Every structure is written in structure tokens, then in C-alpha cells.
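Colleague: Before I use any of these labels in my own work, I would like to hear how each one was assigned. Could we go through them one at a time?

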Amino acid sequence: MVLPICDVCLKSGILCPGCEKKLKNGEVTLTELSIAKIIFKLGDGKLDFKRIIDGGEETIIITEKNQVGQLIGKGGKIVRAISKEIGKKIRVVGEGSDLKSVSSDLIAPARISGINIVYGRDGQERYKIRVRREDAHRLPGKPEQLNALIKLLTGEETIIVLDDQ
Ligand SMILES: [Zn+2]
């Protein structure tokens, strides 16, 4: 259990001096605190997350690869509760997942039609992520934002483009 706030605080809803200090120091944000409380309650104290990324219109929860489904909850129950509480869309991404699964998680409900390596004029390797053209309106954010998030999560440079076919 590695939620940023201790179990006692999560159970009582009142912050102990230690956790209060973390919040004051900025070690834990209010958003993280709210998310931790909901996850603790709805996940019966069994779920946790690694970190929270503010992705503009969306808040991204990074968790263990094998916990993504549980954190989303049955029929999206947990994600919906978090979204309601913090007033933003929520996306859950597995930590250490490969480029393909991170990208798929991040651009859903838009679908990827293919990924291939391209080389820039600087010789640098980038991944071109092709999104189905009919899914253009389903992209959850601007391609630049999504590229930046993918970079943050995988360290890879990507270019999201609409497929020509
Ligand atoms: Zn505490």
C-alpha cells in the first residue's frame, strides 16, 4: 500500500501531523489526497497509485501495470467517482508499460492503426503513431499534449498523425 497518505488518515478523513506536514510541504497535493481517499474507500484499501499527472483537460493516474483494470473499477466505477470529486476526466495508465499500451491508453477512445519508427533530419529516432482518420474527433487532447504525455511516461519521442488510408 503506497498511497501518499497514511491508512489512519485515509480511514478517519482527518490528517495526522505527519500527513498534514506533507500537504504543507507540497509533497502531497490536494488532488492526490482526494484521489487517495476515493481509491482507499472504493478499493477496500487494496489499491494504490504511483503518481498523478496533470494532463490539462485530464488527470492521469499512474499505477502498477497489473492494477489498471482494478483502478478503473467495474464499469468504470472508481474512475467515475474520482472524476466527479475533482471535476476532471480521469485516465489510468500502467507504469512501465510499453509504448504501444501507453499510447493506446492515452489516446482512447481513438484507436491506433499502426506505429512505425521515423528518423528526423537530426537523425533522432521518433515513433509515428498513426490514428485512424475516422477517430480524429475522439482524440482526448491535442496531439502535442498527447506526445508530451507519452514522452513523460515512456521517454520516447512520438508524433501522432492521422492515418491517410
Ligand atoms: Zn497520516
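Colleague: What makes Ile159 buried, exposed or partly exposed?

Modeller: This is a predicted model, in which local features need pLDDT of at least 70, side-chain atom pairs count only at pLDDT 80 or more, and totals for chains, interfaces and linings use all residues. Residues are numbered from 1 along each chain as its sequence is written. A residue is buried if 20 or more other C-beta atoms, placed from the backbone, lie within 10 Å of its own, exposed if 12 or fewer, and partly exposed in between; Ile159 has 14 such atoms, so Ile159 is called partly exposed.

Colleague: Where is Ile159 found, and what does Ile159 touch?

Modeller: Ile159 belongs to strand 6, residues 158-162, where strands (E, at least two residues) and helices (H or I, at least four) are DSSP runs numbered from the N terminus. Leaving out residues up to four places away in sequence, Ile159 touches Arg126, Lys128, Ile129 and Asn147, a contact being two C-beta atoms, placed from the backbone, within 7 Å. Ile159 and Glu144, 15 residues apart in sequence, are 8.1 Å apart in space, C-alpha to C-alpha.

Colleague: Why are the buried residues of helix 6 said to line one face of the helix?

Modeller: The buried residues of helix 6, which runs over residues 99-107, are Val102, Ser103, Leu106 and Ile107. Seen down the helix axis, they fall within an arc of 110 degrees, so they line one face; the arc is that of the directions from the axis to the C-beta atoms. As background, an α-helix has 3.6 residues a turn, so residues three or four places apart point the same way. The cover over the buried residues of helix 6 includes strand 3 (89-94), strand 4 (112-119), strand 5 (125-131) and helix 7 (143-154).

Colleague: Which residues make the contact between helix 3 and helix 5, and at what angle do the two helices pack?

Modeller: Helix 3 (residues 30-42) and helix 5 (residues 77-86) pack at about 145 degrees with axes 10 Å apart, the axes being lines fitted to C-alpha atoms over the stretch in contact and the angle running from 0 to 180 degrees between N-to-C directions. Helix 3 contributes Thr31, Ser34, Ile35, Ile38, Ile39 and Leu42, and helix 5 contributes Lys77, Ile78, Ala81, Ile82, Glu85 and Ile86.

Colleague: How many helices and strands does the protein chain have, and how much of it is buried?

Modeller: The protein chain has 7 helices and 6 strands, and buried residues make up 28% of its 165 residues.
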